Amino acid sequence: MATDGGGDPAADPAGDLWRFALALYGRPGVSDRCLMLQDRHGCDVTVLLFAAWAGAARGIGLSAQDLAAARTAVEAWHEEVVRPLRAVRRRLKHGPPPAPSGRTGELRAGIQAIEIEAERIELEVLAGRLPAAAASGQPSPELVLANLQLVVPDLEEEGREALRAIAGTAYSIGSAIEL
């Protein structure tokens, strides 16, 4: 992925969020935790990544209203584009015949690439829903965790532990890398 070589990350929130999401999701254990929250609790992982970025990279604590507005902005896209692409990609892993095969594996890889681009578009929309910088403070693991708990409230212990781990990793990324 190309960047413009620097400058103010506030000037490109969508690019900043995309880089943060890739860095966070690529860390060991994060994708498994995100997928567990998605599959067991209906979590929109892009909204979760947005909330982590707001707290870890921007020092912004989201309100329930902020999160509701962000979800509303991407809800139709997520339901009508991202989820159907994911469903087809997942279905091709084991069937229907002639899947799985080499050819259907290639098709599945192509669908995955399109799914990722659809998620990137969703993240771009979410970046535009970031509350005003005047509401920002200092990033902290607690701030990140509070944002994540708004995305997926009322979890069992395994889910709460997943959020704590994601929050800690997000905070370390937000404070360690130049976005």
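How many helices and strands does the protein chain have? The chain has seven helices and zero strands. This is a predicted model, in which local features need pLDDT of at least 70 and side-chain atom pairs count only at pLDDT 80 or more, while totals for chains, interfaces and linings use all residues. Residues are numbered from 1 along each chain as its sequence is written, and side-chain values use heavy atoms, with hydrogens and water left out.

**Figure 1. Overview of the protein chain.** From the N terminus on, the elements run α-α-α-α-α-α-α. Helices (H or I, at least four residues) and strands (E, at least two) are DSSP runs, numbered from the N terminus. Of the 179 residues, 39% are buried; buried means under 20% relative accessible area, exposed over 50%, and partly exposed in between (1.4 Å probe, protein chains only). Among contacts (heavy atoms within 4.5 Å) with a separation of 6 or more, 77% join residues 24 or more positions apart.

**Figure 2. The largest nonpolar core.** A nonpolar core is a set of buried Ala, Val, Leu, Ile, Met, Phe, Trp, Tyr and Cys residues joined through side-chain atoms within 4.5 Å. The largest one has 41 residues, and those with the most contacts inside it are Leu24, Leu37, Leu48 and Leu148. Two or more residues each come from α1 (13-25), α2 (30-41), α3 (45-56), α4 (64-92), α5 (102-127), α6 (141-151) and α7 (157-176). The largest share, ten residues, comes from α3. Neighbours within four places in sequence aside, Leu24 is in contact with Val30, Leu49, Ala52, Ile166, Thr169, Ala170 and Ile173.

Figure 3. A search of the whole structure finds one aromatic pair. The ring centres of Phe50 and Trp53 are 6.2 Å apart and the ring planes are at 40°, so the pair is tilted. Rings of Phe, Tyr and Trp (its six-membered ring) pair if their centres lie within 6.5 Å; planes under 30 degrees apart count as stacked, over 60 as edge-to-face and the rest as tilted. Because Phe50 and Trp53 are three residues apart in helix α3, about one helical turn separates them. Both residues are buried.

**Figure 4. The buried side of α6.** The buried residues of α6 are Leu143, Val144, Leu145, Asn147, Leu148 and Val151. What covers them includes α3, α4 and α7.

**Figure 5. The largest pocket.** On a 1 Å grid over the protein atoms alone, a cavity is a set of points where a 1.4 Å probe fits but cannot get out, and a pocket is an open set with protein on both sides within 12 Å along at least five of seven lines; lining residues have an atom within 4 Å of a point. Grid points are joined across faces, edges and corners, and a volume is the space filled by probe spheres set on the points. The largest pocket holds about 440 Å³ of space. Of its 21 lining residues, Tyr25, Val45, Glu115, Ile116 and Glu119 are the closest to its centre.

**Figure 6. The second largest pocket.** This pocket has a volume of about 340 Å³. Of its 17 lining residues, the closest to its centre are Gly42, Cys43, Asp44, His78 and Glu79. The largest share of the lining, eight residues, comes from α4.

**Figure 7. Arginine 86 in α4.** Arg86 is found in helix α4 and counts as buried because its relative accessibility is 9%. Leaving aside neighbours within four places in sequence, Arg86 is in contact with Gln38, His78, Glu115 and Glu119.
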